[in-house]
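Trainee: Please take one part of this structure and look at it closely, starting with a helix and the strands under it. Then carry the description on to whatever else can be said about the chains.

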Amino acid sequence: MASQIFAYAIIGLGSGALISGVGLGVVLSYRGSGVINLSTGAIAMLAGYCYWALATGEFGVTFATGWAIVLTLLFSAVVGIVFELGVVRPLRRQPPLAKLVATLGILLSAQAAIVLAFGDTAHPQPSILPGGNVTLFGVTVPDYNLWMAAIILAAALVVVAVYRWTRFGIGTRAAAENEAYATLFGLSPNRYSMGNTVAMALVMGLVGMLAASIAEVDPTTLVLLIVPGLAAAMFGRLTAFTTTYVAGIVIGMAESVLLYLSTQSWFPTSNGGPLPGVDELLVLLVLVVATFFRAGKIPSRGDIVESRLPRAPRPVAPLRTAAVFVPIAALAMWVLPFGFREGLITSCIFAVSLLSLVVVTGYLGQLSLVQLGLAGVAGFLVSHLSTNFGIGFPWAAIVGVVAAAVLGVGFGFPALRVRGVQLAVVTLAATVALETFWFSNGSWGAGVLGASVPAPSLFGFDFGTNASFHGLGGGEPSPLFGWFCLIVLVVVALLVANLRRSRLGQQMLAVRANERAAAATGVNVRNVKLTGFGIAAGIAGVSGVLLSYSYGSITASSFSALIAVALVAFVYITGITSVPGGVFGGIIYSGGIFAFALLDWFGLQGNWLNLIVGFLVVLSLISRPEGGATFLFYGKHPSLWARAPKKAQSTLPPSGTAHGGTAHGATAHGAHEGNQHGLAPVEAEVTS
Amino acid sequence: MLSLEKVSAGYGQSDVIRDIDLEVRPGEIVTLLGPNGAGKTTTLRVISGHVKQSRGTVRLKGHDLAHLSPTQRARAGIAHVPEGRGIFFGLTVAEHLRLGYRGETIDPKVVYTYFPALRELRDRPAGLLSGGEQQMLAVARNLARSPELLLLDELSLGLAPLLVEGLLPVVRDYSRERNCGVLLVEQHVPLALEVADHCYVLSHGDVVLHEPAERLRDDPELLVESYLGGSAAKETLAT
Amino acid sequence: MTAALEAAGISVSFGAVRALQGVDLVVGAGKLVGLIGPNGAGKTTFVDAITGFVQSSGSVHLQGQDISKLPPHRRAHLGLVRTWQTIELFDDLTVQENLAVAGGRPSLVSTVADVVFGREPRAEQTAEEVLGLFDLQEVAPEMPSNLSQGRRKLVGIARALAAGPSLLLLDEPAAGLDTQESGDLGRKLRRLVDNGLPTLLIDHDMGLVLGICDEIYVLDFGKVIAHGTPDEVRSNPDVLAAYLGKSGQAQAGATWPAVAEGTRER
């Protein structure tokens with residue numbers, strides 16, 4: 001057994017190298033430009049496809065391995081340059097959260113582009129490494145695993161050497177520590193940013209090509225490698241290349257050993273197979289440990305940040321707005337043909353889901369990518385309570401929503417310590433873990449086939465999708481279910497609008513704007529955050545319940561991390577800070593009525609929408625961060641119409657607050673200034 | 001060499017400094033005094049380009065700086081040691097001397113001639129230096145750039161005055177020897193007056209006094225009047 | 001009579017730097033107390049320590065109640081309210097809402113009712129009065145970012161007042177104001193204190209502090225170096241030395257003899 005574990009550990013070097021590579025990319029991006037780049041895996045995927053296309057003659061010309069490698073690296077460099085000029089540089093002065101969301105947009109676009117170009121099936125690609133075996137301590141393993149680990153190690157060492165000894169590296173370190181000070185020396189932060197982004201892209205090129213040895217090219221595997229890659233990078237505090245490398249390798253080896261252990265008889269099973277999702281759970285655990293014990297030491301950049309989250313306008317007359325739109329939607333449910341009707345229903349459901357993001361991100365300022373996962377929790381509970389315990393509507397739905405809310409408060413606790421971008425990272429991992437460990441699980445989740453959900457009915461009145469009333473448009477889903485979803489959406493939307501007007505909503509925005517000042521005026525920051533997380537999670541649960549009823553069955557794939565990413569992208573372009581933003585986000589969401597219209601009228605697939613929306617996110621963050629719908633609805637409000645004057649033209653830290661003369665003094669000082677997400681963690685600083 | 005003509009600037013909509021006229025000639029140390037919040041730091045930031053002026057002109061050797069970015073101004077010869085020192089805690093002393101934009105040559109000899117103490121500390125990260133050593137490094141690193149104009153912001157902040165007392169004469173010597181203009185913001189008035197040729201006093205964003213430093217050394221009452229008791233005090237007391 | 005604020009032996013360290021070393025300070029009931037000192041002397045750190053934003057040793061009593069162990073928002077509930085040197089308004093909320101956040105502590109029931117029935121939270125009376133006091137009524141619906149620096153400062157103070165303070169801590173309220181605004185502010189503060197609100201005022205505008213305060217503490221290098229009435233502080237050579245430079249200390253008597261005379265004429 002020991003020798004088997006050893007063998008699997010060595011085999012894990014290969015995937016570990018890929019994780020390390022993605023982690024290195026994340027660190028390079030962060031040090032070069034302060035961006036937490038969630039699209040590194042996607043860039044590796046682009047490179048992988050490029051190599052595959054060149055080496056297999058997909059475009060009619062087949063290149064020899066050497067040439068294909070060179071061209072792929074060249075392609076990666078170009079991708080890097082485009083990424084720098086199109087995303088990093090225009091968003092240079094945006095808050096970290098905006099930068100992160102932009103990389104989510106790029107991830108979405110890259111993935112959609114690949115699916116459109118090459119379909120979503122996997123293609124075998126020729127390996128660039130020799131296919132021999134090597135025997136170590138009596139165990140024979142394929143030697144490409146060692147090669148991969150060695151190549152990525154070499155890349156890491158080159159980067160370390162450059163950072164340590166070259167003028168470029170020293171300049172990068174200086175600019176990363178304090179960009180404003182760097183400009184005082186006449187250094188050009190843009191140049192360092194460009195250099196590091198290209199370096200990141202080149203490492204991703206390597207990862208994309210090396211992956212050929214252990215996997216076929218497909219549009220998701222490398223993209224999602226960002227999750228373990230981030231875990232490794234967090235262990236390196238987004239700063240240390242060697243630590244990141246080692247952490248990535250260890251994660252890869254541990255996953256491989258877990259794979260071996262899962263073949264053992266004692267390993268927990270589920271539906272006859274080994275328990276799925278254990279390695280995703282492991283990655284989540286690593287990430288949580290890394291964020292809690294290492295993230296405090298992640299150096300923040302002395303950055304030049306001009307704007308915060310877009311403003312959250314106060315709804316003027318929510319009831320009147322609802323009175324205009326609801327009759328139209330209700331009528332549409334009745335008259336539209338079934339395809340459009342189904343699209344409209346899906347739009348309603350996802351609008352509810354997006355409203356939960358409006359609360360947690362728009363009002364509270366915390367980017368949570370786990371909202372869809374919480375929706376899944378509620379959905380799966382409904383399915384289980386109904387099929388296994390005979391508990392139907394409304395009790396199953398209520399239990400589902402409450403459970404999601406409770407779990408949401410649970411996620412709120414880490415958010416008291418982990419803020420902003422780090423929370424986004426942890427919640428992304430949580431979504432992946434929920435999907436694989438819970439939703440795909442044969443016994444607790446849906447397995448591969450999906451779990452059935454009986455139609456909702458109240459007092460014997462069936463208003464599920466296949467109710468007999470079909471309206472003017474005919475066909476299923478029934479307009480009754482549509483009206484049900486519409487009513488739920490209207491209620492949720494009005495509550496979210498009222499929340500913004502209430503004292504609690506004002507407190508949330510106060511916390512979002514400035515945690516320290518909020519605490520100083522008597523706001524209990526901790527309670528407000530937990531309440532916000534709970535409300536948002538409850539709303540997410542409602543959308544999960546609707547989703548489970550809408551198809552009569554529920555599958556894990558409806559709650560995947562990539563969909564969670566897409567949702568954030570959609571709501572960012574319509575407006576993450578307002579109710580209209582959430583509702584219109586649902587309308588244009590792929591799978592919704594707008595996407596169906598595109599498909600029906602122009603034959604455009606949903607991936608086209610994703611492709612465009614991904615780019616639009618970047619554009620919108622630059623030009624209209626409040627989002628299109630928010631602007632339409634509130635743009636002409638007098639106090640909003642007058643665009644805020646350019647604030648904080650100074651790029652140096654505010655004067656007069658400095659104290660102390662050592663690195664320590666300065667750190668304490670830096671913590672006071674804080675970043676766009678409020679400032680020093682009040683709780684952590686004050687209690688004890 | 002440096003001249004400000006009717007410069008106003010601030011943050012947001014209101015100006016922190018108003019209609020400032022100021023001149024620094026080569027080889028001359030000019031000190032800018034005044035209570036906190038009077039606009040001294042803002043004035044320096046306007047010159048190095050980190051705050052945009054709302055009105056007025058800033059010229060370096062006769063050239064209008066309006067369209068130059070902070071990076072370009074730094075390359076044009078403006079060295080600015082900001083409050084908080086402006087050095088990088090993660091870099092060693094020697095690395096600070098390697099740091100530079102493309103094509104820039106930095107002469108470590110200048111540093112070690114003017115500040116021999118730094119030679120022994122060359123491999124220590126700046127974050128582990130004492131406050132005084134950090135300040136020394138900040139000044140030294142900027143002298144090594146052979147600047148035309150050196151802006152120094154509150155060198156004594158959080159330091160024992162003794163340390164700054166050692167620094168300023170070095171700046172004085174450098175300025176004379178290399179014909180470099182210096183604009184010095186300092187809260188320890190006697191220290192500043194000792195090395196300065198000219199003195200401006202700011203109060204609530206206005207220049208309230210402009211005299212040769214010598215005159216203020218001889219007649220401190222002039223300064224105390226504009227510095228300690230503003231017109232605000234009189235007004236407050238009067239009502 | 002119990003003092004409004006009694007801080008004893010307040011010490012704060014940032015790593016090896018001792019920012020405050022055993023500071024004792026008392027604000028008597030109905031008193032306007034000034035805290036001055038050169039840049040970096042530790043004044044803001046003192047406010048941070050008193051309000052619970054940095055860890056400190058020593059004890060803080062508010063109206064006789066020990067609040068040393070409470071988190072910042074609890075101290076605020078008890079009436080210890082501060083402003084910030086950097087103003088720190090809630091930029092996402094209107095001026096009115098800024099004051100509302102400070103004024104209201106919604107109960108669970110009223111919050112649920114507000115959200116379910118879509119009720120507008122009513123403007124607190126104190127908030128209205130405070131807006132009136134600083135002539136801010138017409139900017140109540142504005143976003144803070146549309147206001148001038150001077151107005152923003154006033155909103156910061158108004159927000160603190162809306163929280164219903166039993167002791168007000170003002171951190172450099174006059175910095176960035178012009179001479180006239182600063183004088184105006186001084187008169188308003190004096191009136192507030194005379195109406196019974198004890199206040200600790202930190203500012204660099206010596207004219208303002210010396211002009212309106214009942215007593216003054218002088219801080220340098222984290223220690224109280226002088227304490228007394230404005231006249232006592234004004235004529236204290238240590239204070240002048242701290243303010244205008246330590247090297248002048250030795251000759252303080254000789255180099256700056258005119259100070260006492262210079263101020264006496266006022």
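Mentor: In this predicted model, helix α7 of chain C, residues 179–194, lies across strands β3 and β8 of chain C. The helix runs at about 160° to β8(C).

The strands named here belong to an open sheet of 6 strands in chain C, in the order β6-β7-β8-β3-β9-β10. The pairing in this sheet is mixed. At its edges are β6 (80–82) and β10 (223–228) of chain C, each of which pairs on one side only. On average, neighbouring strands are turned by 20° against each other, with direction ignored. One of the pairings can be followed to the residue: β7(C) and strand β8 of chain C, residues 199–202, run parallel and are joined by 4 bridges. There, C:L170 has C:L201 of β8(C) as its bridge partner.

How is chain C divided into domains? Domain 1 is made of the segments 1–76, 167–182 and 193–250, and domain 2 covers 80–164. The contact takes 18 residues from domain 1 of chain C and 12 residues from domain 2 of chain C. On the side of domain 1 that touches domain 2 in chain C, the elements giving two or more residues are α1 (43–51), α2 (72–77) and β7 (167–171). With 5 residues, β7(C) gives the largest share of that side. By type, the residues of this side of domain 1 of chain C are 11 nonpolar, 3 polar and 4 charged. Between the C-alpha centres of the two domains of chain C the distance is 26 Å.

To the contact, domain 1 of chain A gives 11 residues and domain 2 of chain A gives 10 residues. The elements with two or more residues on the domain 1 side in chain A are α4 (96–118) and α10 (226–235). That side of domain 1 of chain A holds 9 nonpolar and 2 polar residues, and no charged ones.

Chain A also has a hairpin, formed by β1(A) and β2(A) with 2 residues between them. Strand β1 (residues 133–136) and strand β2 (residues 139–142) of chain A run antiparallel and are joined by 4 bridges. A:N133 has A:P142 in β2(A) as its bridge partner. In the turn, A:F137 has a positive phi of about 50°.

Chain B contains 11 helices and 10 strands. Its radius of gyration is 18 Å, close to the 18 Å given by the globule rule for 239 residues, so chain B is as compact as a globular protein of that length. Along the principal axes, the C-alpha atoms of chain B fill a box of roughly 60 × 40 × 30 Å.

One sheet of chain B is open, with 4 strands in the order β2-β1-β4-β5 and antiparallel pairing. Its edge strands are β2 (14–24) and β5 (63–64) of chain B. Strand β1 of chain B, residues 2–11, is joined to β2(B) by 7 bridges. Among these strands, B:L4 is paired with B:L22, its bridge partner in β2(B). Helix α1 of chain B, residues 40–48, lies across β1, β2 and β4 (53–60) of chain B and runs at about 115° to β1(B).

Which part of chain B has the lowest confidence among its elements? Helix α11 (residues 231–238) of chain B has the lowest mean pLDDT, 39, whereas strand β8 (residues 181–185) of chain B has the highest, 95. Over residues 230–239 of chain B the pLDDT stays under 50, and the model has 27 contacts beyond four places in sequence for this stretch. For chain B as a whole the average pLDDT is 86, and 92% of its residues score at least 70.

Technical notes
Residues numbered from 1 in each chain as written. Chains lettered and ligands numbered in written order. Predicted model: local features only at pLDDT ≥ 70, side-chain atom pairs only at ≥ 80, totals over all residues. pLDDT = per-residue confidence, 0-100. Contact = placed C-beta atoms within 7 Å. Domains from an automatic or database assignment. Nonpolar A, V, L, I, M, F, W, Y, C, P; charged D, E, K, R; others polar. Pairing = 2+ DSSP bridges. Axes fitted to C-alpha atoms, helices over the stretch in contact; angles between N-to-C directions. Rg over C-alpha atoms; globule rule 2.2 N^0.38 Å.
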